[in-house]
Amino acid sequence: MSDLLYVNGGTPLSGEITVRGAKNFVSKAMVAALLGETPSTLRNVPQIRDVGVVTGLLQLHGVDVQAENGTLVLDPSNVESAHVADIDAHAGSSRIPILFCGPLLHRLGEAFIPDLGGCRIGDRPINFHLDILRQFGAVVEKREGGIHIEAPRRLQGTKIALPYPSVGATEQLLLTAVRAEGITELANAAIEPEIMDLINVLQKMGAIISVDTDRVIRIEGVDRLVGFQHTALSDRIEAASWASAALATGGDIYVRGATQPEMTAFLNTFRKVGGEFAVDDEGIRFFHPGGDLNSIVLETDVHPGFMTDWQQPLVVALTQAKGLSIVHETVYENRFGFTDALRGMGATIQVYKECLGGRPCRFGQRNFYHSAVISGPTPLAAADIVVPDLRGGFSHLIAALAAKGTSSVRGISLIDRGYEHFMEKLGALGAEFSRD
Ligand code: EPU
């Protein structure tokens with residue numbers, strides 16, 4: 001099947017779709033299963049490529065993975081080392097292999113992590129991860145094609161302060177500290193809902209973890225962990241992406257499975273832009289009520305702020321808002337590359353190196369175009385687009401759906417990484433498209 005989609009835009013998306021478990025939680029819970037002495041069951045698992053990648057990596061390490069109707073049963077009874085070349089081939093563009101370190105060090109005493117991929121939205125270093133592992137007593141050595149990590153003796157609890165509340169580094173610490181000897185304290189931790197759900201999983205496995213005020217997490221290491229049974233929290237990035245699609249196309253989408261508590265910051269912003277929503281027990285209806293959309297000033301941030309992953313889809317909707325919107329991206333230094341294609345479709349978007357519209361961030365006074373000014377409303381015209389990354393790609397898809405005429409969107413398999421059955425969902429919402 002070709003990687004090219006023709007989208008005939010200009011029709012409001014309308015109807016109902018379902019979102020399942022969060023990509024950025026499910027993959028981590030799957031890694032956590034490595035720490036148990038007995039099998040784990042994870043429910044509400046979406047069929048996305050990242051789940052396939054982690055499944056492959058677990059299988060390479062001897063974990064038996066059975067998948068049926070959105071439920072995974074992961075049996076880590078026979079964890080073993082994998083061949084370096086196989087890990088590399090399976091990891092693809094994923095960044096998840098870095099999170100195998102702690103569990104593999106506990107289980108096998110060593111781990112090999114291939115050079116990492118992931119979306120090209122910034123440099124995306126792993127220095128926090130390696131510093132954490134070293135502080136637990138691991139020996140990290142750069143080798144050809146990746147990093148070899150060894151634990152000469154049992155990892156020791158430690159006290160760490162992150163320079164920035166990184167999601168991945170916080171998860172690294174949790175997955176390592178739960179079986180380390182003694183107490184670990186992490187200051188300036190990330191506290192995203194996906195991390196809280198990972199803590200739920202680890203607690204079910206037998207871990208002792210407390211989340212204190214002011215981003216401090218404390219873990220008392222234990223000698224053994226068992227399998228868990230857990231239903232993954234909902235994917236709030238996917239839910240917000242469809243919400244933005246409703247706004248940008250003048251549509252009305254009921255997102256079954258969307259949950260309010262994890263989306264507070266998004267819902268506030270959605271309302272300020274002029275979108276309306278209705279929350280019920282099963283999901284959230286997002287709709288464009290008609291009339292003008294409003295321009296806004298927005299800054300992305302770590303939780304409980306407005307997520308960076310919500311930014312790209314919403315920017316497409318902001319091209320249809322009246323006036324000047326300012327968006328300051330403070331999590332990644334390079335997450336506005338996708339606006340090039342929007343400009344090509346008729347949007348008026350300028351990017352700046354300055355910190356606009358908010359507090360100065362880590363990227364101010366450096367050479368990063370991390371603020372954007374969007375002037376609207378501008379009609380969008382069909383174009384030939386190449387998908388740059390997961391969220392940017394979905395945003396391009398939204399732009400093509402909002403634009404009059406037929407766009408070609410190339411590289412859509414990247415979108416499969418994080419949006420389950422997105423073409424079926426587009427069909428259910430009345431989108432007009434065909435696959436080459
Ligand atoms: N950072 C470092 N050094 C490190 C780790 C991170 O400098 O060792 C920096 C990053 O460069 C970035 C910032 O810290 O500027 C935040 O990165 P973080 O570690 O929080 O991101 P991540 O764990 O790599 C996860 C999600 C991303 C999401 C971010 C922020 C997964 C698999 N990925 O990435 O999701 O944007 O948290 O919420 O969980 C996506 O789903 O499309 C996606 C990119």
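Reply:

**From loop to ligand**

Asn 188 sits in the loop between strand S10 (183-187) and helix H7 (193-205). Helices (H or I, at least four residues) and strands (E, at least two) are DSSP runs, numbered from the N terminus. The model is predicted: local features need pLDDT of at least 70, side-chain atom pairs count only at pLDDT 80 or more, and totals for chains, interfaces and linings use all residues. Residues are numbered from 1 along each chain as its sequence is written, and side-chain values use heavy atoms, with hydrogens and water left out.

Asn 188 is not a glycine, yet its phi is positive, near 60 degrees. Its relative accessible area is 26%, so Asn 188 is partly exposed. The cut-offs are under 20% for buried and over 50% for exposed, with partly exposed in between (1.4 Å probe, protein chains only). Asp 214 also has a positive phi, about 60 degrees, without being a glycine. That residue lies in the loop between strand S11 (208-212) and strand S12 (216-220). Asp 214 is exposed, at 68% relative accessible area.

Two cis peptide bonds deserve a look. One joins His 303 and Pro 304, with omega about 15 degrees. Pro 304 belongs to the loop between strand S18 (297-299) and H10. The other runs from Gly 376 to Pro 377, with omega near 0 degrees. Pro 377 is in the loop between strand S21 (371-376) and strand S22 (384-386).

Now the domains. Domain bounds come from an automatic or database domain assignment. The chain splits into domain 1 (4-19 + 234-435) and domain 2 (23-231). Their centres, taken over C-alpha atoms, are 30 Å apart. Contact here means heavy atoms within 4.5 Å. By that rule, 26 residues of domain 1 touch 23 residues of domain 2.

Consider the polar side. A polar contact is a pair of N or O atoms within 3.5 Å; within protein, one must be able to donate a hydrogen and the other to accept it, and residues adjacent in sequence count only if both atoms are side-chain atoms. A polar side-chain atom of Ser 166 is 2.6 Å from a ligand oxygen. For Asp 309, a polar side-chain atom is 2.8 Å from a ligand oxygen. Gly 168 uses a polar backbone atom, 2.8 Å from an oxygen of the ligand. Taken alone, the ligand exposes 830 Å², and the protein buries 91% of that. These areas come from the Shrake-Rupley method with a 1.4 Å probe; for residues, only the protein chains shown count as cover.

H10 also holds Gln 312. With a relative accessible area of 1%, Gln 312 is buried. Its side chain makes a polar contact of 3.1 Å with that of Arg 335. Beyond four places in sequence, the contacts of Gln 312 include Phe 338, Asp 389 and Ser 395.
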